Amino acid sequence: MAGLPQKEGVEPIVMPKWGLAMQEGMLAEWHVEEGAMIAKGQEIMDIETSKIANVFESPIAGILRRRVVTAGETVPVGALLAVCAESRVADADLDAYVTEFQANFVPETDDEAGGPEPQFVDVQGRRLRYVRQGEGQGSPVLFIHGFGGDYLTWMFNQPVLAEANTTYALELPGHGASSKDVGEASVDFMTATVVGFMDALDIAKAHLVAHSLGGAIILDLASRHGDRAASLTMVCPAGLGPDINMTFIEGFMREKRGKKLKPFLEMLVADPAAVTREMIEEVLKYKRLDGVEAALGKIAAACFDGGQQSQVLRDKLDGIAMPVQVIWGAEDRIVPPSHAAGLPASIKVALVANAGHIVQMEKSGEVNALLQGWIAR
C-alpha cells in the first residue's frame, strides 16, 4: 500500500472505508486470536459504523501476528488494526513496524474523505439525487434501493463494483434528498422514473441491481424495456409473491422515537446487534424531512394495499431474455425467501445464510462476489 512502511514478509490490515462518508469505525469484536492462520475473505472482526455493524473480511491471508486495536476502540479509516507476518519475522522487527506505522499515519482530512459528491438531475419535473462512482467500459451498473432506503443502501457494494464499472446509485422520489412528489406512487410510476433517469444521463443500457421494492421496479422495467437492461440482480425482492411484513412497514412509518423504532429496524437483520444507535438516528432524521411521511404513506398504499404486495410480477420472468439472479437473506423477515422457490431454471438463486432483509449490508462480501461474477459475464 502506498505511503505505508514496507517490510518483507509483513502485511498490514487497516480500517476499511465503507461508503462515501465513513471517516472512522469501532472495532466491536475480534473473531480470531493472535497466532491464528487466517484466509483471505475470512470474517476476522466486527466493525460498527455510523450506518450499521458489519463483519470485516480479511483482505489478505497469513498468520495474524499482532492485534493492534482492541474491542471497543474507535479509530479513523486507514488506521492499523492488525498485522500479518511470516513466522520468520522476529517479534522485535514486527514491533518496530507497528511503531513506524503509528508514528507516520495521518488520518484523512474531511476533504480527502469525502469521495464522490452526490449530484442532482431533473427527471419528469422532479429533482432526484444520485451518486456516480467509478469508470469502466461497457454497460454501467445502476443501483435501486427499496422502501424507505437511499443511496447508502449500497454503501458496501457500490465502491467495490466501481473498481471495474461506472456505477450509479439513485434515490427514488420520496426518498433521501430526492423530490418528495411521488406521483401515483405505484411500481409503474417508479419504473417510468428510473427510465427517465437513464434517459437524462444518456444511459442506454445498464446492469440493474435492486433491493426489496426496487426488485419489483427493475423486473417491471425489464419486461417493458428489455433493451435497457443488460442483466438483473434482485436482492430480497418484492414482486415475486404477495406476502409482505406489514408490521414492519407500518412501524417504520409510524414510530418517531428511537426506542420505539428500534425493534422494527431490527426486523431488517439476522443479528439485532447490527442495528446501531447512529443507524436509528439517520432513519429518524430522514423521516423528519418535509413531505416524507406523506410520501411513504402514499407509496405504501399503492404498493402494499390490503396488507399484501399490490403487484406480483412473477409471470414476467418468462418473457425477459437478459440474465437474472436473485439474492436472498435466508432469515429475511420482511419478504419471505420462499418467494424464490419454483422460479424458472434459467434464474440463478443464491440464498445467503445468517442474513436478513438487508443482506447486501450484513454479508457484503458474499453479495459483492455474486455481483462481480454476474456482471463480469
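The structure holds 19 salt bridges, a salt bridge being a side-chain nitrogen of Lys or Arg within 4 Å of a carboxyl oxygen of Asp or Glu. The model is predicted, so that local features need pLDDT of at least 70 and side-chain atom pairs count only at pLDDT 80 or more, whereas totals for chains, interfaces and linings use all residues. Residues are numbered from 1 along each chain as its sequence is written, and side-chain values use heavy atoms, with hydrogens and water left out.

Side chains of opposite charge can pair when their charged atoms come close. A salt bridge joins the side chains of Arg-65 and Asp-91, at 2.8 Å from N to O. This pair links distant parts of the chain, with Arg-65 in strand β6 (residues 62-67) and Asp-91 in helix α1 (residues 91-104), 26 residues apart; helices (H or I, at least four residues) and strands (E, at least two) are DSSP runs, numbered from the N terminus. Arg-65 counts as buried because its relative accessibility is 13%, while Asp-91, at 46%, counts as partly exposed. Here buried means under 20% relative accessible area, exposed over 50%, and partly exposed in between, for a 1.4 Å probe and protein chains only. A salt bridge is also formed by Arg-66 and Asp-95, whose closest N and O atoms are 3.0 Å apart. This pair again links distant parts of the chain, Arg-66 lying in strand β6 and Asp-95 in helix α1, 29 residues apart. With a relative accessibility of 38%, Asp-95 counts as partly exposed. Arg-65, Arg-66, Asp-91 and Asp-95 are linked in a network of salt bridges. Elsewhere, Arg-254 and Glu-255 meet through their side chains in a salt bridge of 2.9 Å, N to O. Arg-254 is partly exposed at 46% relative accessibility, whereas Glu-255 is buried at 12%.

Strand β6 also takes part in an open sheet of four strands, in the order β1-β8-β6-β3, with antiparallel pairing; two strands pair if DSSP finds at least two bridges between them. The edge strands, β1 and β3 (37-38), each pair on one side only. Five bridges connect β1 with strand β8 (residues 80-85) in the antiparallel sense, and Val-10 stands opposite Ala-85 in β8.

The largest nonpolar core has 119 residues, of which Leu-142, Phe-197 and Leu-232 touch the most other members. A nonpolar core is a set of buried Ala, Val, Leu, Ile, Met, Phe, Trp, Tyr and Cys residues joined through side-chain atoms within 4.5 Å. Apart from this core lies another, of ten residues, including Leu-80, Val-89, Leu-94 and Val-98. When neighbours within four places in sequence are left aside, the contacts of Leu-142 are Tyr-168, Leu-170, Val-194, Phe-197, Met-198, Ala-206, His-207, Leu-208 and Val-209, where contact means heavy atoms within 4.5 Å.

Aromatic side chains form ten pairs in the structure. The pair of Trp-18 and Phe-156 is edge-to-face because the ring centres are 5.0 Å apart and the planes stand at 75°. Rings of Phe, Tyr and Trp (its six-membered ring) pair if their centres lie within 6.5 Å, and planes under 30 degrees apart count as stacked, over 60 as edge-to-face and the rest as tilted. Trp-18 and Phe-156 are both buried. A cluster of ring pairs links Phe-147, Phe-248, Phe-252 and Phe-304. The charged end of Lys-287 sits over the ring of Phe-252, 5.7 Å from its centre. Likewise, the charged end of Arg-127 sits over the ring of Phe-120, at 3.8 Å from its centre. A charge sits over a ring if NZ of Lys or CZ of Arg is within 6 Å of the ring centre and within 35 degrees of the ring normal.

Most residues other than glycine have a negative phi. Ala-185, although not a glycine, has a positive phi of about 70°. This alanine, Ala-185, is placed in the loop between β12 (167-170) and α4 (187-200), and counts as buried at 0% relative accessibility. Asp-202, which is not a glycine either, has a positive phi of about 55°. Asp-202 has its place in the loop between α4 and β13 (206-211), and counts as exposed at 71% relative accessibility.
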